[in-house]
Amino acid sequence: MIPDHAPFSPEQKQQISSLLEPLSAEQRFWLSAFLAGTAASTAPSAPVAKPKVTVLYGTESGNAESLSDQALKRLKGAGYKTKIKNMADYAIADLPKEEVLLTICSTWGDGDPPASAEPFFDSINADDAPKIEKTRFAVLGLGDTSYEKFCQCGKDLDTRFEKLGGSRLSDRVDSDVEFEKPYEQWIDSVLKALGADTSANAASAPAISAAPPAVEYNKKNPFPSPLKERVVLNGSGSAKETIHVEFDLEGSGLSYKPGDALGVVPTNELALVEDFLSATGFQAEDSWEGKALREVLIHDFDIRTLSKTIAKKYAKIAGNIELDALLGDASALEDYLWGREIPDLIRDFPAKETLGLADIMGLLRGLTPRLYSIASSMAAHPDEVHLTVGVVRYQSGDRMRGGICSTFLADRIASGETAPVYIHENKNFFLPPDPNTPIIMVGPGTGIAPFRSFVEERVATGATGKSWLFFGDQHFETDFLYQLEWQDYFKSGDLTQIDLAWSRDTTKKIYVQTKMLEKAKELYAWLEEGAYFYVCGDASRMAKDVHATLIEIVANEGGKSLEDATKYVKDLQKSKRYQRDVY
């Protein structure tokens with residue numbers, strides 16, 4: 001009997017009853033199961049829960065962090081619950097809990113991870129690293145193809161995550177210094193693999209009545225900043241050329257904090273452009289993408305930096321037997337590449353057949369901005385930004401050569417002329433939040449730049465914390481950068497202590513780490529008081545030597561084992577009391 005409340009008409013109820021009456025119990029059971037299955041298959045399916053996504057980054061200069069912020073916005077815009085974590089602050093025990101792990105990491109020096117990410121790399125490469133069988137991952141590596149171990153940290157993470165049981169969500173992407181397009185390709189592939197609707201990323205058309213946005217100056221739209229002043233800091237007879245450069249920021253709306261960097265967009269020197277044209281056989285008035293080739297070579301492409309990657313790319317199209325043989329000898333190749341430029345390669349190893357303009361231009365990468373640690377405080381110099389630049393010049397072959405941007409700042413821009421600049425925020429190099437906190441600054445050579453900014457800021461804001469500077473260079477007489485300023489700060493008490501190291505004034509070479517060891521007891525006492533420890537300068541040797549010396553001081557003065565001293569220093573890094581700005 002069909003119940004009265006059943007959702008059928010009287011005629012339908014009669015039809016159903018007449019159908020069911022002659023059926024056996026077994027037939028009725030089968031029919032009920034069949035109808036239940038049909039109902040289930042046609043019922044609206046429950047929405048599939050989106051996985052939680054963690055964006056993990058390892059950064060030295062801030063690029064990986066900036067891209068992670070962009071990825072966070074894309075993922076949240078696509079409806080994913082997302083969090084962002086710095087490797088320096090990440091607990092390795094949380095790895096197995098991750099559903100989706102997106103990792104962006106830069107590579108520094110000889111395939112090294114960023115300083116703040118070293119503890120994470122140690123943990124993940126340990127034998128007891130946790131398994132991540134339930135985790136899907138994707139890796140974006142940031143690097144520079146002019147280095148032998150290009151994007152090595154990204155490659156290592158990608159391999160290690162797989163060995164720990166993770167499944168690859170999308171292929172790893174390795175990006176050169178121009179990382180914007182590779183990043184977009186990577187995040188698009190990640191979203192596609194997650195099943196996200198990437199069309200949601202499209203910007204909505206602005207309302208007709210909307211006011212035009214104010215001009216915002218940044219990396220994509222640099223500010224044309226007039227050069228105010230340029231002064232050589234070294235004395236007569238110095239083997240070095242270090243310049244102090246001041247730019248005018250008035251009207252730009254740009255601001256910066258001590259520890260930030262200035263991005264400068266340079267041009268290539270005309271002599272190098274002419275050499276490139278001579279080596280390739282192309283003409284200045286030839287056209288490339290609608291522009292005169294000469295202008296393109298001046299403003300748009302790096303035609304100087306010769307790397308192993310470019311040599312390999314050229315070898316594939318040149319068909320030169322001698323070059324092929326050179327590429328097979330790592331030591332000979334390294335010797336050849338040092339000090340040479342792209343026109344040298346083309347001239348020294350002529351192509352078997354004439355190459356077209358597209359072939360040659362395909363070898364090149366864009367002319368990228370250079371970052372310089374800012375050497376001033378806005379509190380002391382409103383609407384100005386100062387730099388301390390070591391000018392690179394060297395003899396190679398039959399002519400003098402030089403660094404692209406350092407010679408641009410030294411030679412190719414006159415007072416009053418403009419250079420495209422932008423502010424690069426460095427979230428990993430900053431003064432302590434508490435102005436009473438002591439600071440120890442180690443900055444030989446041009447590494448002095450951010451510490452000039454630090455002390456200017458503390459003086460201008462009335463900070464009372466102690467400050468200690470370790471500075472070094474070749475000679476006291478010619479290379480004491482900003483000598484009068486530091487002496488004035490020391491006399492006034494704004495700089496509590498200063499230790500100087502001159503590597504060429506005595507038969508025994510004295511470096512900043514030598515001075516650190518001489519003052520080991522006091523330095524350790526400052527650390528125990530809560531001092532922040534900063535290092536700026538050369539990454540390949542100085543920063544590593546200072547790091548090893550710091551561990552030695554902690555071990556000796558703190559009565560600790562080497563293992564415990566290493567942990568002490570790592571804890572300083574993790575708590576942001578040990579910061580580095582190295583290059």
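Predicted model: local features only at pLDDT ≥ 70, side-chain atom pairs only at ≥ 80, totals over all residues.
What joins strand β22 to β23? Five bridges do, and the two strands run parallel. Strand β22 covers residues 532-537. You can find C536 standing opposite D581 in β23.

Now let's turn to the helices. Here are two pairs to look for:

| Helix pair | Axes come within | Crossing angle |
|---|---|---|
| α15 (residues 449-461) and α17 (residues 483-492) | 12 Å | roughly 40° |
| α3 (residues 63-77) and α6 (residues 180-194) | 11 Å | roughly 35° |

Helices α15 and α17 cross at roughly 40°, and are therefore oblique to each other. The crossing of α15 past α17 is left-handed. On the α15 side, F451, R452, V455, E456 and V459 take part, meeting E485, W486 and Y489 of α17. Sorted by class, the residues of this contact are five nonpolar, no polar and three charged.

Which hand does the crossing of α3 and α6 have, left or right? This crossing is right-handed. Helix α3 brings L67, Q70, A71, R74 and L75 to the contact, while α6 brings Y183, E184, I187, D188, L191 and L194. The contact of α3 with α6 has seven nonpolar residues, one polar and three charged.

Technical notes. Residues numbered from 1 in each chain as written. Heavy atoms only, no water. Axes fitted to C-alpha atoms, helices over the stretch in contact; angles between N-to-C directions. Helix = DSSP H or I, 4+ residues; strand = E, 2+ residues; numbered from the N terminus. Parallel < 35°, antiparallel > 145°, perpendicular 65-115°, else oblique. Left-handed = near helix turned anticlockwise from the far one by under 90°. Contact = heavy atoms within 4.5 Å. Nonpolar A, V, L, I, M, F, W, Y, C, P; charged D, E, K, R; others polar. Pairing = 2+ DSSP bridges.
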